[in-house]
Amino acid sequence: MADIDQYILDDSDIAFEYELQKSPSVEVWQRYIAHWEAQVCEDGVRSARHILWLYERMVTQFPTLTVWEQYIGWFRRQYKLDQYLDTFKLYERCINSVKGPLGVFAVEVMLFCISTFDLDIIMKGLQLVLHRCNKDEVERIWNIVLGFALEHVLPSEEGPNNIDFSAFNDRNYEDLRLDIYKLLFLGGDQTEIEDDEEDEDVDKWTASLLRYYLQVANEDKYDETLRLLIRTKDIKIIKECFDLYIFNDKTGKNNRESKKEYDFDLYIYYLDTLDKLRLDKDYKSVFDNLLEKYPQHRVLLTLKLADFHMKRADFDKMEKVLTKALSETVKTNEFIAIYTYHVNFEQAYVETIFDEMRDDPEIQVQKKWKSEMDDHLIILGDLTSRYHLLVNDLKIRQNPNSVSNWLERTTLFEDFDKKCEVFVEAIKTIDPIKVKDKEYGMLGKLWCDYAKVYWSNKSYEEARTIYESATKVPFPDLQDLEIVWHTWAVNEFQIHNIERALKILRKALTVPPSYESIIDRFKSENRRLPSQTILFTSKRLWNYYIDLLESIPTIDANDVIRAYDTLMTLKLITPVGILNYATFLKQNNNLHGSLQVYEKGINMFPPEICYELWTLLLDEVMEPAHQATKERIRELFEQCLQQLGNTDININSIYVKYSDFEIHNKLFSRAIDLLMSGARRPYTNKEQLKQRVDLWESAISKCEEFLGPDSLRQLLSECIQELPNSKAITYVLKFTKLEMSLSDYTRARELLQYGAQLLPPIKNEELWGLWEQFELEHGDKSYYKEMLLLKQKLEKEMKVDTEEVSKGQGNVQFVASSVKNQEAKTNPDEIEIDI
């Protein structure tokens, strides 16, 4: 009763106690507590200890979740986090006394536990509530706890995601040397060293939490959770969870077959975990399984295995692994990674022993270390000296049909026998059909280089055997085959065996019957037929064959002619070949034949080439030595103009040449008419307009020289009407000066008036200057005034582009002069005006 006396202070307390004895209920307890809480606030008679006493009695009598929530809520408001352990004990008592599911109250418990930042409390709270919640509440609770662990506990660095073998070469070189030193001279296991370094960073609490979570998580959460588990660095729990949830090994029988496929990097971290735990047997089992399942990651696994052997100081096995990998990899970046790793290791190994021998006299006298250093120096030297050969091996593995790689390989050996072995291996390996387009010609060169090895040693018969074999290879492209035949012939010629060279070329260039159908079939088959079928179409061989024939002073000219004729029949001759053939015939006094060569060749080429050949032909035919008739020469000129007249080629020189020919024959009018016929041709661009203007200029110049003023007037009149305004002005001025020279001032003034209307005055300053000078010398005030008025009028009115108008509608109407001739006379009204 002494305890009761501490709390029951007045009659109201006794009344509440009596009521609780008579009819106990939660409502009575709540009124009782509220009465005492009021006393705490009003007069301080009561303290929190009194309220606590009532709550304890209430939850003892009514241990419901609602009552407990009211009690814990009051307690947390009263004491906050100062006494969080006592608060947690209340939660613990509540959960143990309340029956049935906790509902959202479980979430409240976990939020409280998280707010304490006490990892033990959080784990106890989690274990306390999980088995009293439904599925949705369990998921929410785990999200809360895992979110807390991720934000506040788990190390910030990420676990492995996209594992890359480049990480091996990113290792600090000095760290590598230190590791080798510990392995060689301290006798330590590298995995023990790593374990000691990592113990401080292990997050055991999160590891335990994630292991607990994996027990209830869905399978689709395994990947994400295991990645978080990796970040804890607790390798024992990591292995345990990987065994259970990746390899499904719940029997302890070391099953290494994954039930479900996970990302490769997870398996790699599991491999690293086995390495750190020194479970070598398990490591090799998993390694072999991954190597079979993920061949695309062979290089990374190889470097892992090499690192594994290095940590155990098993350097011989490490060397074998790396050497084998260098000879098998087919990717450039993988080769670089393996090679760099190997070289760095060997260099670090040698330097470590060298430095230790230098600094420690006891080691200097031990033959073991000198032998070790020498062995690894040999390996290092071999790696560096054979680098280009190793790279070439890689290229050939990447594409065994790449001729350029084999050609490169032949340059890496100086020894005769080894070089020949490379050529033989290349010839056996390369499939001509699989050679890429960009390497056409290289396979033929490879055969020739092979023959050259023997030819250079004057083993001519062996080289000829190789050439003969090469001519039977089914090259898909003609380049390769013609290189073989051409090189063979050139070599024979260089040792003065000209007859054999000619025999080789004649054999190669034999034209089969129905050659046209053979060529068509080869083209339609898209190079599926061997190039031997069209070898006779090789321009390179034909040109060399003809060059050889022409170089022999005693050769029968008919042999050369037959070769040229065949070349033309096959339509293989080039413009230079036409010129050479014509020159050859001319040198052999067959002038008629040389002209026929030009005539035949003209129709075989595009207009640009035809123009050049026509020029050569016309120059040749007009030479006196050919004794061609005038009619024959005119016929050729006409054919030339007809063939080239409708092309875009500038044939002004042909018109001029034809005109000069007629002038030479004293046919001046015809010569000028020829130039005018060219000038009258329609034009579609500025370049063609310039060509027409040049012909008008040439016609006017020759008319002035050979025909006189009357013909010149007629020619200038037509020229001014044919050309656009900007070009016609020049000839208006020339026409004006002609009339002035003939003293026909009226006609001159009319021409000036006409020319003034072709262009705006600002663009026609030369004409206005000439007109002003003309009026000053030959006019009077009225004419001068009319000139000025016209100029003012044109300056205002000529807003349109008369150049465009002249193209669309023709020039301003031009009236030709009806005056045939007029005597020169002075102007009696000429005055001087001082303006």
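**Confidence.** I noted at the start that this is a predicted model, and I looked up its pLDDT, which has a mean of 86 over the chain, with 89% of the residues at 70 or more. I then found that the pLDDT is below 50 over residues 250–256, a stretch with 13 contacts in the model beyond near neighbours in sequence. I marked residues 807–835 as well, where pLDDT stays under 50 and the model has 54 contacts beyond four places in sequence.

**Second largest pocket.** I read off a space of about 430 Å³ for this pocket, and I saw that 16 residues line it, the closest to its centre being Glu139, Trp142, Asn143, Tyr213 and Lys221. Sorted by class, the lining holds 8 nonpolar, 4 polar and 4 charged residues. Which helix gives the most to this lining? I found that helix 9 does, with 8 residues, while helix 14 (222–232) also supplies at least two. I placed the pocket between domain 1 (4–153) and domain 2 (169–249 + 262–398), because both give residues to its lining.

**Aromatic pairs.** I looked up the aromatic pairs, of which the structure holds 41, and picked out Phe117 and Phe148, whose rings are edge-to-face, 5.4 Å centre to centre with 70° between the planes. I noted that this pair links distant parts of the chain, since Phe117 sits in the loop between helix 7 (104–116) and helix 8 (119–129), whereas Phe148 is in helix 9, 31 residues apart.

Definitions and conventions: Residues numbered from 1 in each chain as written. Predicted model: local features only at pLDDT ≥ 70, side-chain atom pairs only at ≥ 80, totals over all residues. Heavy atoms only, no water. pLDDT = per-residue confidence, 0-100. Contact = heavy atoms within 4.5 Å. 1 Å grid on protein atoms, 1.4 Å probe; cavity = no way out; pocket = protein on both sides within 12 Å on 5 of 7 lines; lining within 4 Å. Points joined across faces, edges and corners; volume = space filled by probe spheres on them. Helix = DSSP H or I, 4+ residues; strand = E, 2+ residues; numbered from the N terminus. Nonpolar A, V, L, I, M, F, W, Y, C, P; charged D, E, K, R; others polar. Domains from an automatic or database assignment. Phe/Tyr/Trp six-rings, centres within 6.5 Å; stacked < 30°, edge-to-face > 60°.
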